[in-house]
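Subject: Structure for you to look at

Dear colleague,

I am passing on the structure below, and after it I describe what was found. Please keep it open beside the text as you read.

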Amino acid sequence: MHLHLHALLLLLNCFMVFSVAAQVSKGRTYTINDGLPSNKIYSIVQDDFGYIWLGTEEGVSRFDGYDFQNYSIGDGLPGNDILAVRKDQMGNIWLTTYNGQLALYRSGKIEAIRLPVPHLQEDRLLAAMDVDSSLWISSRTQSCIFHIKNGKTKRFDSLDGEPFVAPKVYFKRGLGIWISDKQQLLKPFGDSLKRVIRFPIDFTKPSEYGVLTKAIPSRQNGFYLITRKGLFFYNDEDRQVERIWPPDNTFSEDTRWFIGQLSDELFFGLQHHKVYLFNAKGEIQEQYSTESLAVNVYLDTEHNIWISTLASGVKFISYNERQVRRLIPEEVAGSSEVMVLECLEDGTVLAVFSDNTVMRILPDKQLAFGQLDVQPLMKSRPYNRTIYTRDIQQCNQESLYFANDMGLLKIDLDQLNTKLPPASVKVEAPPCPTYLWGALKGILSVKDTLYIASSCGLFEYNVATPGPDSSSIIKRYEQRVTAIASWQGNGFITGTISGALFFNSRWSVDTLLLSGKSITAIAIDEEGNTWLGTASHGLFAINQKFDIRHVLPAGALNKRRINKILVTDSIAWISTSKGIFRLNFSYNGTKLKIGQVATLNSLDGLATDNVNGLLKLKNTLYIATDKGINFIDVNKIEWNHPTPRLTIEQVQINGRDTTLQRNYSLNFGNTILIRFNAISLFSQGDITYKYRLHGHTDTWTTTRQRYVEFPILPVGRYSFEVKASNSHGIWSDPVDLRIEVQPPFWQQPYFFFLCTIAAIVVIGGIFYWRIWHIKKRQIALSNTKKKIAEYKLKALHAQMNPHFVFNALHSIQSYMMKNDPKQAGFYLMKFAQLMRLVLEASIKKEVTIQEEMDTLHLYLELETLRFDGRVEYHLSHNIDKPLDEVTIPTMLIQPFVENAIIHGAAVYRGKSKVSVKFELENDYIICYVENIHNKSIKNKGDLETRRTEYPSRSMQIVRERIDTMKGLNGAELSFKTEELKSQEGIIGFRVTIRMK
């Protein structure tokens with residue numbers, strides 16, 4: 001059964017025709033709710049760092065794109081009512097208060113300027129600073145000008161005898177300081193004035209020109225004259241005055257304009273709540289409305305517009321927002337969603353809104369609106385939600401087809417193109433069961449055939465032979481198809497939820513690409529290459545050899561769905577749910593080269609970020625959004641947005657501010673906090689930062705915060721780098737500062753040196769103490785041994801003395817037994833003398849040779865008496881020194897002399913001769929002790945027999961004593977015994993004693 005549906009293209013009463021609106025963008029308004037100190041804003045200026053300064057009735061406010069920093073009397077202002085904010089040629093900010101006070105902001109501080117002219121302190125002033133840091137000041141209540149330089153003031157009341165009439169001082173960007181009054185224009189030269197021109201019109205009197213408020217020099221041989229009645233241009237060559245604004249037909253005696261200049265090409269006019277931007281020809285370029293009286297307009301370095309008001313804060317319109325136009329007034333279907341835009345062969349642009357409003361943009365830029373009636377379609381298939389038109393396709397010269405969520409609608413073009421307003425336009429549906437079609441996603445017209453992509457599959461429909469049944473509908477592919485486009489002339493490409501299918505003319509699938517990825521948009525460029533947009537995987541390009549290139553990953557598109565791809569003139573326009581992406585590309589042979597990517601979104605003035613479709617006609621790009629249609633001139637829009645102005649604002653070390661510098665040297669253990677700020681006014685705070693600490697890590701860290709803190713950095717040299725991205729993803733160049741963390745004292749070379757010295761001292765001290773302790777013990781042991789040796793020596797002395805005493809007493813006894821008391825007494829006297837010498841020597845370690853010889857003399861004399869004269873002795877020396885200056889060990893020689901007597905007179909009955917001789921040889925004292933017998937010894941056997949018979953205990957004591965003295969004080973003592981021989985045999989012995 002054929003299903004015939006009729007829908008009327010209804011007008012609300014008739015077709016409505018509109019002209020394209022010049023500007024309906026609202027911008028953004030900042031008020032006290034955003035941080036401003038007051039909603040009454042008098043003046044605006046931008047400093048060299050990009051900050052916006054706003055003079056309000058409650059102080060001055062500085063805006064960085066994020067926050068407002070407010071200054072008042074407590075911060076150094078002489079008053080809170082800031083009427084004028086100006087920037088001088090050195091970048092300083094000058095503030096003028098309502099009570100005529102001046103203040104200056106520089107180096108981060110506000111300072112009140114005390115003028116050397118007392119009566120000017122309460123005057124209302126205009127001031128500007130010259131390049132030599134001198135001030136030019138005009139009084140609003142006095143017709144005079146003051147020049148202040150180096151504390152000296154010069155007053156000008158007239159020039160060439162002509163008094164000034166309400167002069168004004170101002171700074172003209174790029175042209176220096178100028179002074180104008182109601183009759184002439186002046187220019188300072190040094191500390192004097194020079195007249196540039198005298199106006200031929202007397203602006204002091206009422207006339208059609210009004211009273212002159214300011215004369216602005218132009219770069220084109222003339223001057224702009226601003227009066228209370230408009231803007232005029234004075235041509236310096238023909239001395240003619242020409243009205244620029246407002247046009248003559250809008251001028252009236254009651255009209256009062258406040259006019260100013262934004263740039264050499266752009267001016268503004270304020271009238272009540274209206275703001276007009278116009279060029280030097282008086283042509284309106286832009287117009288805006290404000291909620292309260294507008295008092296000033298400012299153009300910043302990014303070409304954004306700022307409008308100050310007396311009651312509603314400041315209004316901000318970005319440059320791109322100024323360029324983006326809304327196609328229709330918002331009150332006329334402008335808030336409805338537009339899904340599709342299509343250009344017909346006659347140049348008419350057709351758009352369908354979500355409420356089924358149909359709009360035509362005629363070639364003469366007029367707009368026509370109507371309404372599609374889809375109720376008949378819903379009778380066969382109830383649908384309780386919005387019905388969207390997804391695609392429009394013109395088939396031959398007769399019909400126009402609409403693909404929507406309910407099926408396919410047809411409109412005859414001859415009905416649509418009749419002159420407005422037509423009586424009616426017939427709309428019909430193709431004769432087919434709609435349930436086979438599902439929700440239509442796209443249609444492709446090839447001659448008399450429509451290829452239809454739907455949620456039920458891919459269909460082929462012959463429009464030339466529609467029959468009463470479904471024979472003209474051929475179902476070819478039974479999966480959900482999302483998009484369709486022609487390919488290589490005789491084939492086509494379809495997008496599905498699981499990849500892209502390439503069909504040839506015989507309806508066989510050549511290739512399946514991007515398997516598993518949901519394809520949402522398809523476009524073919526001039527080289528025949530295919531561009532595929534996906535739901536969540538970004539943008540792909542496929543050449544005719546099926547080589548795939550991932551052009552834009554999902555991250556580059558903010559992970560947004562691609563709704564539409566439009567490829568024209570080596571530019572790919574990509575509409576997404578996050579705005580428009582503009583991609584430049586080119587081909588090097590067959591190789592695709594990707595260029596710069598730019599974006600356009602709601603911050604740029606789009607009605608919303610979600611862009612459903614695009615259409616480009618010449619330089620105009622039409623944009624279908626959720627809130628109507630925008631259009632732009634692609635040559636005027638700012639695609640290469642200015643990079644953010646990035647600065648490092650503050651560096652804190654351990655919580656304390658420091659003076660900003662490029663290089664920092666920190667002690668180990670300090671915490672450093674770095675604050676940075678990127679100014680991108682059109683981004684409105686939507687700025688992303690990346691930073692890294694080169695030398696610690698090469699990985700960039702992404703953040704939205706404007707500071708980073710590094711606690712206790714390791715020792716080393718670092719380079720802190722930070723860069724910023726504006727709302728369109730354009731990154732600034734990195735800003736850096738150098739940080740060097742000094743080693744802690746325990747890692748400093750001097751510390752290692754000190755530690756080494758300390759270790760050496762400690763180890764040396766320990767070693768020295770140990771040696772000292774050992775030496776002390778050795779000394780103590782040595783002292784002990786010495787004492788033992790001394791005791792031993794004394795004991796040896798004690799042993800020697802009794803031995804000699806016994807022998808002497810024995811001799812005395814012998815004399816007494818012989819009844820020779822006289823001899824015994826003599827002997828006893830000698831013995832007493834000897835004992836006295838021995839006792840005196842026994843308490844000494846050493847005695848002189850003289851003392852030793854005296855002792856030996858007494859001893860030998862006693863022994864001679866004892867042996868009845870059988871012993872002869874002789875004492876001598878060969879020493880050239882006094883004998884009482886040369887010392888030898890005590891009682892060292894006597895035992896050898898005693899031994900010589902024992903082995904001489906005591907053994908032999910004959911006489912024996914004993915001689916003792918001292919010599920000095922090479923610091924050695926040598927003593928020779930000899931005994932010579934009167935009878936020779938034939939063999940050694942007899943000698944050993946006699947030695948056994950007469951053992952000598954004294955020699956054993958001498959040996960022990962010598963060994964003790966050597967160990968006690970290291971004395972060099974030795975002796976040797978040798979035989980004295982003759983021809984008959986051994987006649988005696990000699991003992992040689994060496995001492996040092």
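Strand 30 and strand 31 (residues 305-309) are joined by five bridges in the antiparallel sense, and within this pairing Val297 has Ile307 of strand 31 as its bridge partner. Strands here are DSSP runs (E, at least two residues), numbered from the N terminus, and two of them pair if DSSP finds at least two bridges between them. This is a predicted model, in which local features need pLDDT of at least 70 and side-chain atom pairs count only at pLDDT 80 or more, while totals for chains, interfaces and linings use all residues. Residues are numbered from 1 along each chain as its sequence is written, and side-chain values use heavy atoms, with hydrogens and water left out.

The two strands belong to an open, antiparallel sheet of four strands in the order 3-32-31-30, whose edges are strand 3 (28-30) and strand 30 (294-299), each pairing on one side only.

A further open sheet of four strands, also with antiparallel pairing, runs in the order 50-51-52-53. Strand 50 (519-524) and strand 53 (548-552) each have a single partner strand, so one side of each is left without a neighbour in the sheet. Strand 50 pairs with strand 51 (residues 530-534) in the antiparallel sense over five bridges, and Ala523 stands opposite Trp531 in strand 51.

With kind regards
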